Amino acid sequence: MFTHVVQSKEWGDFKNIYGTPAFRVGEIQYTIHKVPFTDFYYAYAPKVDPSKIDFDEVAKSLKGHNCIAVNFDVPNVVKGSEEERLAIQTFERCMPAPRDQFARFNILLDITKTEDQLLEKMHYKHRYNIKYAEKNGVTVKSAQNVKDFETFFELFKATAIRQKYYIHPKLYYQKIWDLFHPKGLCEILTAFHDGEPLASWMFFIYDNTLYYPYGGSSDAKRNLNASTLVAWEGIKLGKAQGCQTFDMWGASKDPQDTSDAWYGFTNFKLKFGGKYVEYMHSYDFVVNKAAYDLFNTANSLRWKILTLIR
């Protein structure tokens, strides 16, 4: 099983630089987050490999940092696999988590195939759109400097505003770029037409896996299908870097549900020919039961209030 990028040492370094304390225990890492109005912390460990968890050492580390529990959010194990059966046994010391934060559904594309094979497996509309974009003068460039990063972020921010979803402050992505890009772990690809930026995606490259976590596009010239071309150039980039899998970071629970807010980008991703997967549920490893129960009661109330005011 490959190590997910958010479990990498580099991701921990980024979190520490950004101001979110991260700690490693053997081969897994977690971040800590203050529980409001208390002296306690809650630990967060997304996308772990369950086989690498040493619970005794984790318990010592959690207690040493005054944590009430650690949330193993959406472990990096596909539901229904042999790995899930073993992982469920591993998590016998844990409690099912009340909710998931990381996307529990995803699309994975095998990019070990040749470019011709990948194009053949792709939805015909995507093949057409790639050729259409190229034919009409859309070009894709790799970001090299701060100005290029700024172009990416402006498109990303504009898309978030347009589609009404939350993103981190600009500094968050700037720190990722500053730390990961010099190490060859992060690339930004931006599509231009007549000098105008139309779409820009940030990719991660880690442990033979290509990731697409963040991206945005302009509302202008949407007929040129710049995002489809950026995705294709990203796949080619991943292949050149020796990646075997393109992890598209997240998808809707039901790809056929047109009322789901994630339907549009899920449908877009599926047309590249990848496999739709569901990951196993999240678990909490609790070291302070009384504080954990109180925290969950308060957090459940908080989520109900947020749901009501949306």
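The model is a predicted one, and the structure holds two cavities of 30 Å³ or more.

The largest cavity has a volume of about 60 Å³, and its lining draws on several separate parts of the sequence numbering, including Phe 2, Thr 3, His 4 and Gln 7, Glu 27 and Ile 28, Lys 47, Val 48, Asp 49 and Lys 52, and Asn 76. Sorted by class, this lining comprises three nonpolar, four polar and four charged residues.

The second largest cavity, with a volume of about 40 Å³, is lined by Trp 201, Tyr 212, Ala 231, Phe 246, Met 248, Phe 268, Lys 269 and Phe 272.

Most residues other than glycine have a negative phi. Val 74, although not a glycine, has a positive phi of about 45°, and this residue lies in the loop between strand 4 (67–72) and helix 3 (82–90). Val 74 counts as buried because its relative accessibility is 0%, where buried means under 20%.

Asp 207 likewise has a positive phi, near 50°, in a residue other than glycine, and its place is in the loop between strand 9 (196–206) and strand 10 (209–217). With a relative accessible area of 34%, Asp 207 is partly exposed, whereas Val 74 is buried.

Methods. Residues are numbered from 1 along each chain as its sequence is written. This is a predicted model: local features need pLDDT of at least 70, side-chain atom pairs count only at pLDDT 80 or more; totals for chains, interfaces and linings use all residues. Side-chain values use heavy atoms; hydrogens and water are left out. On a 1 Å grid over the protein atoms alone, a cavity is a set of points where a 1.4 Å probe fits but cannot get out, and a pocket is an open set with protein on both sides within 12 Å along at least five of seven lines; lining residues have an atom within 4 Å of a point. Grid points are joined across faces, edges and corners, and a volume is the space filled by probe spheres set on the points. Ala, Val, Leu, Ile, Met, Phe, Trp, Tyr, Cys and Pro count as nonpolar, Asp, Glu, Lys and Arg as charged, and the others, Gly among them, as polar. Helices (H or I, at least four residues) and strands (E, at least two) are DSSP runs, numbered from the N terminus. Buried means under 20% relative accessible area, exposed over 50%, partly exposed in between (1.4 Å probe, protein chains only).
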